[in-house]
Amino acid sequence: MKISVARKITLTLVVVVVLVSFFVNVGTGTLSSMGWEAIAYICPLGALETFLASWTFVPRALIAFILVAVGVIVLGKVFCAWLCPVPPLRKFFTFKKDTSVDDAIAASHKALKAAGATEGAIAIEGAIEPLSAEEQASLVGGSCKSGCSSCATQRKKLDSRHLVLGGALLSTAIFGFPVFCIVCPVGLTFASLLALWRLVGFNEPSWALLVFPVFLALELFVLRKWCIKFCPLGAVMSLLSIPNRLFRPHVDTKKCLRTQGIDCAVCVSVCEEELDPHCMDGMHECTKCGLCVDKCPAHAVTIPLYIAKKKQLEKTKTLAE
């Protein structure tokens with residue numbers, strides 16, 4: 001099974017569980033706040049806003065935040081790719097197809113054909129100008145200082161999302177209520193589903209059925225770079241995931257087309273976080289979506305449990321030599 005298919009199944013199951021809980025009134029909650037009796041989960045950003053809004057110590061919120069923090073440190077930003085409804089909603093309601101990924105894949109296959117090589121095979125010597133040793137080393141080592149054309153723009157640890165996060169926390173402290181929770185796209189998604197369910201199940205029309213989808217649409221289609229430019233929840237998770245080393249994409253240099261002289265950019269093109277799996281810098285932002293694995297024409301990308309940095313450095317030294 002492709003990782004992208006597994007992601008769709010996982011999110012569908014979560015949505016079904018939430019909707020069933022609405023129907024049978026068991027009160028399991030939503031992704032913003034989910035639990036069972038004394039066991040509760042709360043959104044990590046919601047937990048921080050709870051502290052600042054009330055200026056009181058809330059044990060459950062602290063425990064929930066610690067549990068989420070541990071989960072993010074271990075697994076990384078998996079929530080963003082596997083559970084967050086924003087990316088699939090944007091894709092579902094986007095009528096104009098983005099052809100950039102298809103173009104990148106087509107370009108790689110065209111280069112392979114021109115070189116007279118099959119996927120994963122070494123290109124005919126001289127058919128395509130090979131990457132330099134420095135470029136190959138940078139691809140594996142993660143320095144990306146050689147400026148090879150396939151490298152993605154390097155992500156900074158602090159960016160515009162963290163400014164939005166600071167604004168959300170400051171406004172919460174000033175006004176005394178969780179300001180961002182009102183416009184959070186995750187909360188708006190499930191609030192819209194709840195409003196729809198109240199209308200269908202109990203014939204209770206509400207302005208929420210109009211207002212919530214409008215705000216959600218603005219965030220999905222006006223702020224199209226929401227996830228990597230504005231989302232404060234993603235900012236919290238990016239900070240918590242800095243120590244994460246598990247389940248990071250790993251490139252097999254023996255199969256990778258780049259190290260065989262073909263300037264392939266498929267893995268970069270499909271990454272919604274604008275990351276390059278060849279580069280270690282910024283990889284704490286990886287959501288483990290698996291698109292680079294599913295789309296690689298040479299099947300050179302995997303997501304193993306753990307790849308020691310020492311092993312990466314040894315490969316870098318070998319390539320440089």
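Helices H2 and H3 (residues 59–75) pack at an angle of about 150°, and their axes lie 9 Å apart. The crossing of H2 and H3 is left-handed. The model described here is predicted.

**The contact of H2 with H3**
- From H2, the residues Pro44, Ala47, Leu48 and Phe51 meet Ala61, Leu62, Phe65 and Val68 of H3.
- The residues of this contact comprise 8 nonpolar, no polar and no charged.

**Helix H8**
- H8 covers residues 160–175, 16 residues in total, and spans 22 Å from its first C-alpha to its last, close to the 22 Å expected at 1.5 Å a residue.
- Buried residues in H8 are Arg161, His162, Leu165, Ala168, Leu169, Ser171 and Thr172.
- An α-helix has 3.6 residues a turn, so residues three or four places apart point the same way.
- The partners against which the buried residues of H8 pack are helix H2 (44–54), helix H9 (179–183), helix H12 (226–230) and helix H13 (232–240).
- Gly176, with a positive phi near 80°, follows H8.

**Nonpolar cores**
- The largest nonpolar core holds 33 residues, of which Leu45, Phe79, Val186 and Leu233 touch the most other members.
- Elements giving two or more residues to this core include H2, H3 and H8, together with helix H1 (3–24) and helix H10 (185–202).
- Leaving aside residues up to four places away in sequence, Val186 touches Leu31, Ser32, Phe79, Cys84 and Pro85.
- A second, separate core has 18 residues, among them Val251, Cys289, Leu291 and Ala300.

Technical notes:
Residues numbered from 1 in each chain as written. Predicted model: local features only at pLDDT ≥ 70, side-chain atom pairs only at ≥ 80, totals over all residues. Heavy atoms only, no water. Helix = DSSP H or I, 4+ residues; strand = E, 2+ residues; numbered from the N terminus. Expected span 1.5 Å × (residues − 1). Buried < 20%, exposed > 50% of the residue type's maximum accessible area, 1.4 Å probe, protein only. Contact = heavy atoms within 4.5 Å. Axes fitted to C-alpha atoms, helices over the stretch in contact; angles between N-to-C directions. Left-handed = near helix turned anticlockwise from the far one by under 90°. Nonpolar A, V, L, I, M, F, W, Y, C, P; charged D, E, K, R; others polar. Core = buried A, V, L, I, M, F, W, Y, C linked by side-chain atoms within 4.5 Å.
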